Amino acid sequence: MAGGGSTHKELLTAQTRLWNYALGYIRPLSLAVAVQLGIPEAVQGHGGPISLSDLASAVGVAEASKVLALRRFMRALSHFGCFERSVTKAAAGEGQGECEEEEEAYAPTLFSSSMVKDSPTTAAPFLLLATCPLLLSVPWNSLAAWFRGERSESAYGIEAPQGGTFWELLSRVPELNGLFNDAMACDARWAVALLAKAHPEVFHGLTSLVDVGGGNGTSAKAIKDAFPDLRCAVLELGHVIAASPAVEGVDFVEGDMFEHVPPADAVLLKWVLHDWNDEDGVRILRRCREAVTPATESGGKVIIIDIVMSDGSGGGDPEEVEAQHLFDMWMLAIMAGAERTEKEWRRIITAAGFSSCKIIPGLGPRSIIEAYP
Ligand SMILES: C[S@@+](CC[C@H](N)C(=O)[O-])C[C@H]1O[C@@H](n2cnc3c(N)ncnc32)[C@H](O)[C@@H]1O
(Lines give C-alpha, C1' and ligand atoms only; values in the text may rest on other atoms or scores of the structure.)
Protein backbone atom coordinates (compact mmCIF):
# COMPACT_ATOMS: atom_id res chain seq x y z
CA MET A 1 0.00 0.00 0.00
CA ALA A 2 1.19 3.50 -0.83
CA GLY A 3 0.29 6.60 1.25
CA GLY A 4 -3.41 7.16 2.06
CA GLY A 5 -4.29 3.47 1.62
CA SER A 6 -3.76 3.45 -2.16
CA THR A 7 -1.76 0.79 -3.91
CA HIS A 8 1.47 1.67 -5.72
CA LYS A 9 -0.33 1.04 -8.99
CA GLU A 10 -3.09 3.50 -8.09
CA LEU A 11 -0.56 6.13 -7.05
CA LEU A 12 1.36 5.71 -10.32
CA THR A 13 -1.89 5.99 -12.28
CA ALA A 14 -2.88 9.17 -10.42
CA GLN A 15 0.55 10.74 -10.97
CA THR A 16 0.51 9.82 -14.67
CA ARG A 17 -2.94 11.35 -15.04
CA LEU A 18 -1.72 14.53 -13.37
CA TRP A 19 1.25 14.71 -15.78
CA ASN A 20 -1.12 14.29 -18.71
CA TYR A 21 -3.28 17.14 -17.47
CA ALA A 22 -0.34 19.36 -16.48
CA LEU A 23 1.18 19.00 -19.95
CA GLY A 24 -2.13 18.71 -21.80
CA TYR A 25 -1.78 22.30 -23.08
CA ILE A 26 0.88 20.88 -25.43
CA ARG A 27 -1.84 19.27 -27.57
CA PRO A 28 -3.51 22.46 -28.84
CA LEU A 29 -0.19 24.29 -29.03
CA SER A 30 1.33 21.57 -31.22
CA LEU A 31 -1.74 21.62 -33.45
CA ALA A 32 -1.29 25.39 -33.81
CA VAL A 33 2.38 24.88 -34.75
CA ALA A 34 1.29 22.32 -37.36
CA VAL A 35 -1.13 24.89 -38.80
CA GLN A 36 1.58 27.58 -38.83
CA LEU A 37 3.92 25.21 -40.70
CA GLY A 38 1.22 24.22 -43.22
CA ILE A 39 1.49 20.53 -42.29
CA PRO A 40 -2.25 19.70 -42.68
CA GLU A 41 -2.23 21.15 -46.23
CA ALA A 42 0.95 19.25 -47.16
CA VAL A 43 -0.43 15.93 -45.89
CA GLN A 44 -3.89 16.49 -47.40
CA GLY A 45 -2.66 17.62 -50.78
CA HIS A 46 -0.12 14.84 -51.37
CA GLY A 47 -2.55 12.34 -52.89
CA GLY A 48 -1.58 9.41 -50.66
CA PRO A 49 0.53 9.01 -47.52
CA ILE A 50 3.42 11.50 -47.53
CA SER A 51 6.88 10.35 -46.46
CA LEU A 52 8.81 12.22 -43.77
CA SER A 53 11.35 13.52 -46.29
CA ASP A 54 8.64 14.74 -48.69
CA LEU A 55 6.78 16.38 -45.81
CA ALA A 56 9.97 18.06 -44.60
CA SER A 57 10.66 19.58 -48.01
CA ALA A 58 6.98 20.56 -48.48
CA VAL A 59 6.95 22.58 -45.24
CA GLY A 60 10.48 23.99 -45.57
CA VAL A 61 12.33 21.94 -42.93
CA ALA A 62 15.83 21.41 -44.34
CA GLU A 63 18.37 20.68 -41.60
CA ALA A 64 18.83 16.96 -40.87
CA SER A 65 18.46 17.42 -37.09
CA LYS A 66 15.20 19.31 -37.61
CA VAL A 67 13.86 16.59 -39.90
CA LEU A 68 14.40 14.20 -36.99
CA ALA A 69 12.54 16.66 -34.73
CA LEU A 70 9.74 16.78 -37.31
CA ARG A 71 9.52 12.99 -37.09
CA ARG A 72 9.00 13.21 -33.31
CA PHE A 73 6.46 15.99 -33.85
CA MET A 74 4.49 13.89 -36.36
CA ARG A 75 4.72 10.83 -34.11
CA ALA A 76 3.03 12.80 -31.29
CA LEU A 77 0.41 14.38 -33.56
CA SER A 78 -0.41 10.93 -34.96
CA HIS A 79 -0.74 9.61 -31.40
CA PHE A 80 -3.19 12.48 -30.69
CA GLY A 81 -5.28 11.16 -33.60
CA CYS A 82 -4.44 13.94 -36.01
CA PHE A 83 -2.71 11.91 -38.73
CA GLU A 84 -2.45 8.21 -39.59
CA ARG A 85 1.18 7.20 -39.31
CA SER A 86 2.53 4.15 -41.09
CA VAL A 87 5.98 2.67 -40.81
CA THR A 88 7.48 0.53 -43.54
CA LYS A 89 10.79 -1.31 -43.60
CA ALA A 90 13.01 -0.07 -46.38
CA ALA A 91 16.02 -2.07 -47.54
CA ALA A 92 19.24 -0.33 -46.54
CA GLY A 93 21.80 0.69 -49.11
CA GLU A 94 24.25 -1.77 -50.62
CA GLY A 95 26.91 -3.22 -48.39
CA GLN A 96 24.79 -2.99 -45.26
CA GLY A 97 23.85 -6.66 -45.27
CA GLU A 98 20.49 -7.48 -43.76
CA CYS A 99 20.18 -4.17 -41.99
CA GLU A 100 16.79 -2.46 -42.56
CA GLU A 101 15.74 1.14 -42.09
CA GLU A 102 12.28 2.34 -41.18
CA GLU A 103 10.43 4.82 -43.35
CA GLU A 104 7.54 6.79 -41.98
CA ALA A 105 4.58 8.23 -43.86
CA TYR A 106 1.51 10.18 -42.79
CA ALA A 107 -2.03 10.20 -44.13
CA PRO A 108 -4.77 12.75 -43.39
CA THR A 109 -7.75 12.10 -41.13
CA LEU A 110 -11.08 13.96 -40.82
CA PHE A 111 -9.50 15.70 -37.82
CA SER A 112 -6.49 16.96 -39.81
CA SER A 113 -8.80 17.98 -42.67
CA SER A 114 -10.50 20.41 -40.30
CA MET A 115 -7.12 22.13 -39.90
CA VAL A 116 -6.60 22.74 -43.63
CA LYS A 117 -6.80 26.52 -43.92
CA ASP A 118 -8.88 27.02 -47.04
CA SER A 119 -11.21 24.05 -46.62
CA PRO A 120 -14.90 25.05 -46.25
CA THR A 121 -15.04 23.28 -42.89
CA THR A 122 -11.74 24.56 -41.56
CA ALA A 123 -11.42 25.17 -37.82
CA ALA A 124 -7.81 26.44 -38.15
CA PRO A 125 -8.70 30.08 -37.32
CA PHE A 126 -10.54 28.90 -34.20
CA LEU A 127 -7.47 26.91 -33.14
CA LEU A 128 -5.21 29.95 -33.67
CA LEU A 129 -7.55 32.14 -31.60
CA ALA A 130 -7.82 29.62 -28.76
CA THR A 131 -4.03 29.29 -28.57
CA CYS A 132 -3.06 32.94 -29.01
CA PRO A 133 -0.79 34.02 -26.13
CA LEU A 134 -3.13 36.72 -24.84
CA LEU A 135 -6.09 34.37 -24.41
CA LEU A 136 -3.90 31.60 -23.02
CA SER A 137 -2.08 33.45 -20.30
CA VAL A 138 -3.81 36.58 -19.01
CA PRO A 139 -7.24 35.21 -18.04
CA TRP A 140 -5.93 32.09 -16.34
CA ASN A 141 -3.33 33.98 -14.36
CA SER A 142 -6.02 36.23 -12.89
CA LEU A 143 -8.84 33.76 -12.28
CA ALA A 144 -7.83 32.79 -8.73
CA ALA A 145 -7.69 36.49 -7.80
CA TRP A 146 -11.14 36.93 -9.34
CA PHE A 147 -12.52 34.03 -7.27
CA ARG A 148 -11.04 35.55 -4.09
CA GLY A 149 -12.66 38.91 -4.86
CA GLU A 150 -9.33 40.64 -5.46
CA ARG A 151 -10.40 41.64 -8.97
CA SER A 152 -13.47 43.72 -9.62
CA GLU A 153 -16.70 41.87 -10.40
CA SER A 154 -17.25 44.03 -13.44
CA ALA A 155 -13.82 43.31 -14.93
CA TYR A 156 -13.86 40.95 -17.88
CA GLY A 157 -11.43 38.10 -17.99
CA ILE A 158 -9.24 40.11 -20.28
CA GLU A 159 -8.92 43.79 -19.63
CA ALA A 160 -7.56 46.03 -22.33
CA PRO A 161 -4.25 47.59 -21.29
CA GLN A 162 -6.05 50.89 -20.70
CA GLY A 163 -9.07 49.16 -19.13
CA GLY A 164 -12.36 48.35 -20.84
CA THR A 165 -14.10 45.28 -22.14
CA PHE A 166 -12.93 42.49 -24.39
CA TRP A 167 -14.81 44.10 -27.31
CA GLU A 168 -13.06 47.42 -26.70
CA LEU A 169 -9.74 45.58 -26.71
CA LEU A 170 -10.63 44.06 -30.10
CA SER A 171 -11.58 47.49 -31.43
CA ARG A 172 -8.10 48.77 -30.53
CA VAL A 173 -6.01 45.83 -31.78
CA PRO A 174 -6.77 45.15 -35.47
CA GLU A 175 -4.75 41.88 -35.62
CA LEU A 176 -6.71 40.44 -32.67
CA ASN A 177 -9.97 41.72 -34.18
CA GLY A 178 -9.09 39.91 -37.43
CA LEU A 179 -8.11 36.71 -35.60
CA PHE A 180 -11.35 36.79 -33.60
CA ASN A 181 -13.67 37.52 -36.52
CA ASP A 182 -12.01 34.84 -38.69
CA ALA A 183 -12.38 32.31 -35.85
CA MET A 184 -16.09 33.11 -35.54
CA ALA A 185 -16.61 33.01 -39.30
CA CYS A 186 -14.92 29.63 -39.77
CA ASP A 187 -17.51 28.11 -37.45
CA ALA A 188 -20.49 30.04 -38.82
CA ARG A 189 -19.63 28.98 -42.41
CA TRP A 190 -20.30 25.28 -41.94
CA ALA A 191 -22.42 25.18 -38.76
CA VAL A 192 -25.13 27.52 -40.06
CA ALA A 193 -25.14 25.85 -43.49
CA LEU A 194 -25.60 22.53 -41.68
CA LEU A 195 -28.41 23.98 -39.57
CA ALA A 196 -30.21 25.33 -42.66
CA LYS A 197 -29.97 21.89 -44.27
CA ALA A 198 -30.74 19.71 -41.25
CA HIS A 199 -33.46 21.94 -39.72
CA PRO A 200 -34.96 24.07 -42.53
CA GLU A 201 -38.19 24.30 -40.47
CA VAL A 202 -36.39 26.79 -38.19
CA PHE A 203 -36.47 29.33 -41.07
CA HIS A 204 -39.75 28.38 -42.80
CA GLY A 205 -42.34 31.16 -42.97
CA LEU A 206 -39.83 33.90 -42.14
CA THR A 207 -39.50 36.92 -44.41
CA SER A 208 -36.82 38.82 -42.47
CA LEU A 209 -34.07 37.99 -40.00
CA VAL A 210 -31.55 40.04 -38.00
CA ASP A 211 -28.36 38.31 -36.89
CA VAL A 212 -27.53 40.13 -33.67
CA GLY A 213 -23.78 40.14 -32.96
CA GLY A 214 -23.51 38.45 -36.35
CA GLY A 215 -19.79 39.13 -36.85
CA ASN A 216 -18.68 39.59 -40.46
CA GLY A 217 -21.96 38.29 -41.87
CA THR A 218 -20.89 34.68 -42.52
CA SER A 219 -23.96 33.19 -40.78
CA ALA A 220 -26.26 35.61 -42.61
CA LYS A 221 -24.63 34.62 -45.90
CA ALA A 222 -25.13 30.90 -45.20
CA ILE A 223 -28.82 31.55 -44.39
CA LYS A 224 -29.23 33.74 -47.48
CA ASP A 225 -27.64 31.03 -49.66
CA ALA A 226 -30.16 28.49 -48.34
CA PHE A 227 -33.19 30.85 -48.34
CA PRO A 228 -32.57 33.52 -51.01
CA ASP A 229 -35.94 35.24 -50.41
CA LEU A 230 -35.23 35.89 -46.73
CA ARG A 231 -34.17 39.50 -46.02
CA CYS A 232 -31.08 39.33 -43.81
CA ALA A 233 -29.36 41.99 -41.73
CA VAL A 234 -26.48 41.92 -39.26
CA LEU A 235 -26.41 44.11 -36.14
CA GLU A 236 -22.81 44.64 -35.05
CA LEU A 237 -20.32 46.95 -33.38
CA GLY A 238 -18.59 49.52 -35.59
CA HIS A 239 -15.10 47.98 -35.51
CA VAL A 240 -16.46 44.61 -36.74
CA ILE A 241 -18.44 46.18 -39.58
CA ALA A 242 -15.45 48.32 -40.58
CA ALA A 243 -13.32 45.18 -40.98
CA SER A 244 -16.01 43.11 -42.78
CA PRO A 245 -16.18 42.83 -46.57
CA ALA A 246 -19.62 43.50 -48.06
CA VAL A 247 -21.89 40.44 -48.30
CA GLU A 248 -24.32 40.44 -51.21
CA GLY A 249 -27.93 40.67 -50.04
CA VAL A 250 -27.00 41.28 -46.39
CA ASP A 251 -27.42 44.71 -44.73
CA PHE A 252 -25.00 45.67 -41.97
CA VAL A 253 -26.45 47.86 -39.22
CA GLU A 254 -24.08 49.43 -36.72
CA GLY A 255 -25.56 49.48 -33.22
CA ASP A 256 -25.60 48.24 -29.66
CA MET A 257 -27.78 45.20 -28.91
CA PHE A 258 -28.29 46.49 -25.36
CA GLU A 259 -30.00 49.57 -26.80
CA HIS A 260 -32.01 48.54 -29.85
CA VAL A 261 -32.47 45.61 -32.21
CA PRO A 262 -34.05 46.35 -35.62
CA PRO A 263 -37.51 44.75 -36.08
CA ALA A 264 -37.70 41.47 -38.01
CA ASP A 265 -39.65 38.21 -38.09
CA ALA A 266 -36.74 36.50 -36.38
CA VAL A 267 -33.58 37.38 -34.52
CA LEU A 268 -30.58 35.07 -34.54
CA LEU A 269 -28.21 35.00 -31.56
CA LYS A 270 -25.36 32.63 -32.33
CA TRP A 271 -22.57 32.35 -29.75
CA VAL A 272 -23.67 35.68 -28.26
CA LEU A 273 -25.48 34.95 -24.99
CA HIS A 274 -22.69 32.70 -23.69
CA ASP A 275 -20.44 35.81 -23.66
CA TRP A 276 -22.57 37.44 -20.96
CA ASN A 277 -23.74 36.89 -17.40
CA ASP A 278 -27.44 36.27 -16.72
CA GLU A 279 -28.29 39.89 -16.03
CA ASP A 280 -26.82 41.09 -19.34
CA GLY A 281 -28.26 38.05 -21.13
CA VAL A 282 -31.77 39.03 -19.99
CA ARG A 283 -31.19 42.62 -21.16
CA ILE A 284 -30.14 41.42 -24.62
CA LEU A 285 -33.06 38.99 -24.83
CA ARG A 286 -35.54 41.77 -23.90
CA ARG A 287 -34.30 43.91 -26.83
CA CYS A 288 -34.60 40.89 -29.14
CA ARG A 289 -38.11 40.12 -27.92
CA GLU A 290 -39.16 43.71 -28.66
CA ALA A 291 -37.71 43.33 -32.18
CA VAL A 292 -39.75 40.22 -33.04
CA THR A 293 -42.95 41.02 -31.13
CA PRO A 294 -44.74 42.87 -33.97
CA ALA A 295 -44.25 39.76 -36.10
CA THR A 296 -45.80 37.36 -33.59
CA GLU A 297 -48.70 36.42 -35.87
CA SER A 298 -46.38 35.36 -38.67
CA GLY A 299 -44.28 33.35 -36.26
CA GLY A 300 -41.88 35.85 -34.68
CA LYS A 301 -39.13 34.19 -32.66
CA VAL A 302 -35.61 34.45 -31.38
CA ILE A 303 -33.31 31.66 -32.58
CA ILE A 304 -30.43 30.98 -30.21
CA ILE A 305 -27.47 28.79 -31.16
CA ASP A 306 -25.45 27.97 -28.07
CA ILE A 307 -24.54 25.12 -25.75
CA VAL A 308 -27.20 23.57 -23.54
CA MET A 309 -24.97 22.03 -20.88
CA SER A 310 -25.47 18.43 -19.89
CA ASP A 311 -27.15 18.41 -16.47
CA GLY A 312 -24.45 16.16 -15.00
CA SER A 313 -26.69 13.08 -14.76
CA GLY A 314 -24.19 11.11 -16.80
CA GLY A 315 -25.98 11.01 -20.18
CA GLY A 316 -24.69 12.44 -23.44
CA ASP A 317 -21.76 11.81 -25.73
CA PRO A 318 -18.61 12.05 -23.53
CA GLU A 319 -16.69 14.06 -26.18
CA GLU A 320 -19.55 16.58 -26.49
CA VAL A 321 -19.90 16.87 -22.70
CA GLU A 322 -16.13 17.49 -22.45
CA ALA A 323 -16.40 20.26 -25.07
CA GLN A 324 -19.30 21.82 -23.12
CA HIS A 325 -17.25 22.00 -19.92
CA LEU A 326 -14.19 23.37 -21.74
CA PHE A 327 -16.32 26.11 -23.35
CA ASP A 328 -17.92 26.93 -20.00
CA MET A 329 -14.49 27.40 -18.38
CA TRP A 330 -13.30 29.40 -21.39
CA MET A 331 -16.27 31.75 -21.18
CA LEU A 332 -15.76 32.14 -17.43
CA ALA A 333 -12.09 33.01 -17.87
CA ILE A 334 -12.12 35.31 -20.88
CA MET A 335 -15.59 36.87 -20.89
CA ALA A 336 -17.11 36.42 -17.43
CA GLY A 337 -19.80 34.64 -19.49
CA ALA A 338 -21.36 31.20 -19.06
CA GLU A 339 -22.67 28.13 -20.81
CA ARG A 340 -26.10 27.19 -19.43
CA THR A 341 -28.12 24.10 -18.56
CA GLU A 342 -31.68 23.76 -19.86
CA LYS A 343 -33.00 25.02 -16.52
CA GLU A 344 -30.71 28.07 -16.65
CA TRP A 345 -31.74 28.83 -20.23
CA ARG A 346 -35.45 28.61 -19.37
CA ARG A 347 -34.87 30.92 -16.40
CA ILE A 348 -33.30 33.78 -18.42
CA ILE A 349 -35.71 33.33 -21.35
CA THR A 350 -38.68 33.57 -18.98
CA ALA A 351 -37.13 36.54 -17.13
CA ALA A 352 -36.88 38.37 -20.48
CA GLY A 353 -40.65 38.01 -20.91
CA PHE A 354 -40.88 35.18 -23.48
CA SER A 355 -43.95 32.94 -23.18
CA SER A 356 -42.26 29.67 -24.12
CA CYS A 357 -39.25 28.09 -25.80
CA LYS A 358 -38.26 24.91 -27.62
CA ILE A 359 -34.86 23.21 -27.54
CA ILE A 360 -33.70 21.34 -30.65
CA PRO A 361 -30.52 19.33 -30.04
CA GLY A 362 -28.39 18.24 -32.97
CA LEU A 363 -25.49 20.60 -33.53
CA GLY A 364 -22.88 18.53 -31.69
CA PRO A 365 -22.24 20.10 -28.29
CA ARG A 366 -24.59 22.97 -29.21
CA SER A 367 -28.36 23.19 -29.56
CA ILE A 368 -30.89 25.45 -31.24
CA ILE A 369 -33.26 27.19 -28.86
CA GLU A 370 -36.35 28.89 -30.24
CA ALA A 371 -37.85 31.49 -27.89
CA TYR A 372 -41.37 32.76 -28.62
CA PRO A 373 -42.68 36.17 -27.47
C1 LIG B 1 -18.70 35.37 -29.93
S2 LIG B 1 -19.01 36.52 -31.22
C3 LIG B 1 -20.17 35.62 -32.22
C4 LIG B 1 -20.18 36.09 -33.66
C5 LIG B 1 -21.20 35.38 -34.55
N6 LIG B 1 -22.54 35.44 -34.02
C7 LIG B 1 -20.80 33.94 -34.79
O8 LIG B 1 -21.27 33.05 -34.08
O9 LIG B 1 -19.99 33.70 -35.67
C10 LIG B 1 -20.01 37.75 -30.42
C11 LIG B 1 -20.28 38.96 -31.30
O12 LIG B 1 -21.07 39.90 -30.55
C13 LIG B 1 -20.68 41.21 -30.96
N14 LIG B 1 -21.07 42.18 -29.92
C15 LIG B 1 -20.53 42.34 -28.69
N16 LIG B 1 -21.16 43.34 -28.03
C17 LIG B 1 -22.12 43.81 -28.88
C18 LIG B 1 -23.10 44.84 -28.76
N19 LIG B 1 -23.20 45.57 -27.66
N20 LIG B 1 -23.93 45.07 -29.81
C21 LIG B 1 -23.83 44.33 -30.96
N22 LIG B 1 -22.92 43.32 -31.12
C23 LIG B 1 -22.08 43.07 -30.08
C24 LIG B 1 -19.17 41.08 -31.09
O25 LIG B 1 -18.61 42.11 -31.87
C26 LIG B 1 -19.02 39.70 -31.71
O27 LIG B 1 -18.94 39.74 -33.10
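**Buried strands and a charged patch in a predicted model**

Strand 4 (residues 208-212) is largely enclosed by the rest of the structure, because five of its five residues are buried, buried being under 20% relative accessible area, exposed over 50% and partly exposed in between (1.4 Å probe, protein chains only). The structure is a predicted model, in which local features need pLDDT of at least 70 and side-chain atom pairs count only at pLDDT 80 or more, while totals for chains, interfaces and linings use all residues. Residues are numbered from 1 along each chain as its sequence is written, and side-chain values use heavy atoms, with hydrogens and water left out.

The protein chain contains 15 helices and eleven strands; helices (H or I, at least four residues) and strands (E, at least two) are DSSP runs, numbered from the N terminus. Of the 373 residues in the protein chain, 45% are buried. Along the principal axes, the C-alpha atoms fill a box of roughly 85 × 55 × 45 Å.

In a regular strand the side chains alternate between the two faces of the sheet. In strand 4, Ser 208, Val 210 and Val 212 point one way, whereas Leu 209 and Asp 211 point the other way, and all are buried. Strand 4 runs parallel to strand 5 (residues 231-236), with five bridges joining them; two strands pair if DSSP finds at least two bridges between them.

Strand 7 (residues 266-270) runs parallel to strand 8 and is joined to it by five bridges, with Leu 269 opposite Ile 304 of strand 8. Strand 11 (residues 366-372) pairs with strand 8 in the antiparallel sense over six bridges, and Ile 369 in strand 11 is the bridge partner of Ile 304. Strand 9 (residues 340-341) is parallel to strand 8 and joined to it by two bridges; here Val 308 stands opposite Arg 340 of strand 9.

The loop between strand 8 (301-309) and helix 14 (318-335) holds Asp 317. Asp 317 counts as partly exposed because its relative accessibility is 38%. Together with Glu 319, Glu 320 and Glu 322, Asp 317 forms a patch of negative charge on the surface.

How values were computed. Patch = residues over 30% accessible without salt bridge, like charges linked within 9 Å, V, L, I, M, F, W, Y side chains within 5 Å. Areas by Shrake-Rupley, 256 points an atom, 1.4 Å probe, with all protein chains shown as cover. Salt bridge = Lys/Arg side-chain N within 4 Å of Asp/Glu carboxyl O. Lys, Arg positive; Asp, Glu negative; His and termini not counted. Charge placed at Lys NZ, Arg CZ, Asp CG, Glu CD.
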